[in-house]
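Have a look at the model first, then try each task before reading its solution.

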Amino acid sequence: MPKIRRDLPNRAAYAVANELKRSRGLPVGEIATRLGMSYMGIKSQCLALEKNGHITARNQHCETGRPQLIYRLTAKGQRLFQKDDQRLAISLLNEARKLFGAAAAEKLLFLHFQNLTAEYLKQIPAKATPEERLTAVAALRDADGHMARIEAGCLWESHVPLAGIFEAFPAAVAMEEIMISKVLGAAVTRIAENSGDHYQIRFEAFHCGPQAG
């Protein structure tokens with residue numbers, strides 16, 4: 001899990017921010033259920049976070065009943081989560097290019113994803129069903145700090161530890177896509193969703209409908 005900066009007043013506020021980071025927006029009741037806390041306790045945390053500019057609220061229309069108030073992180077709220085510092089890794093990859101040729105960095109990244117593929121596959125039973133594999137991969141990715149979850153038959157990730165690497169070496173994006181395809185045992189499409197104040201990665205492999213929220 002990514003480290004959260006010490007800009008919030010208490011652990012409950014950290015917990016609320018963390019749940020919102022893992023989604024594209026949640027109502028108070030859903031946050032309370034996930035955290036096992038009271039509705040009013042979560043409501044007070046949301047109001048405080050909203051007052052400080054870390055989250056915002058909007059009405060979402062429902063198929064039946066009244067519109068639902070949905071909270072989500074703002075750009076300021078997203079900055080609560082520290083980005084992984086990859087300056088050293090990027091510098092070393094660039095030096096490898098200078099020393100061993102233009103393709104050296106990509107070859108090293110290929111080896112990284114190849115090794116990670118093997119590491120993941122060791123932890124997934126060979127006879128696992130597609131759904132079991134998806135569950136296992138989500139757990140492994142979550143443990144590696146990607147804030148992963150399964151939703152609508154897809155693997156969603158709300159944190160990108162290698163964001164700096166992907167920006168500096170775009171070829172690594174396809175390598176990650178191939179890695180996830182291999183460990184799931186099905187070809188996937190890696191889709192980045194960026195709404196300005198929220199960034200997520202979605203790996204489509206099975207049936208994938210629209211995400212709620």
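**Exercise 1. At what angle do the axes of helix 1 and helix 3 cross, and which residues make the contact?**

Step 1: In this predicted model, the axes of helix 1 (residues 11-21) and helix 3 (residues 39-51) come within 10 Å and cross at roughly 80°. Axes are lines fitted to C-alpha atoms, for helices over the stretch in contact, with angles from 0 to 180 degrees between N-to-C directions. Helices are DSSP runs (H or I, at least four residues) numbered from the N terminus.

Step 2: Helix 1 is therefore roughly perpendicular to helix 3, a label for angles of 65 to 115 degrees; under 35 is roughly parallel, over 145 roughly antiparallel and the rest oblique.

Step 3: A12, A13 and V16 of helix 1 touch I42, Q45, C46 and L49 of helix 3, where contact means heavy atoms within 4.5 Å.

**Exercise 2. Is helix 5 oblique or parallel to helix 6?**

Step 1: Helix 5 (residues 87-100) and helix 6 (residues 104-122) have axes that come within 7 Å and cross at roughly 125°.

Step 2: That angle makes helix 5 oblique to helix 6.

Step 3: L93, A96, R97 and F100 of helix 5 meet A104, A105, E106, L108 and L109 of helix 6.

**Exercise 3. Which residues lie over the faces of F81 and F166?**

Step 1: Apply the rule: NZ of Lys or CZ of Arg must be within 6 Å of the ring centre and within 35 degrees of the ring normal.

Step 2: K21 lies over the face of F81, 5.4 Å from the ring centre. R190 lies over the face of F166, at 4.7 Å from the ring centre.

**Before you go on**

Residues are numbered from 1 along each chain as its sequence is written. In this predicted model, local features need pLDDT of at least 70, side-chain atom pairs count only at pLDDT 80 or more, totals for chains, interfaces and linings use all residues, and side-chain values use heavy atoms, leaving out hydrogens and water.

Definitions and conventions
Helices (H or I, at least four residues) and strands (E, at least two) are DSSP runs, numbered from the N terminus.
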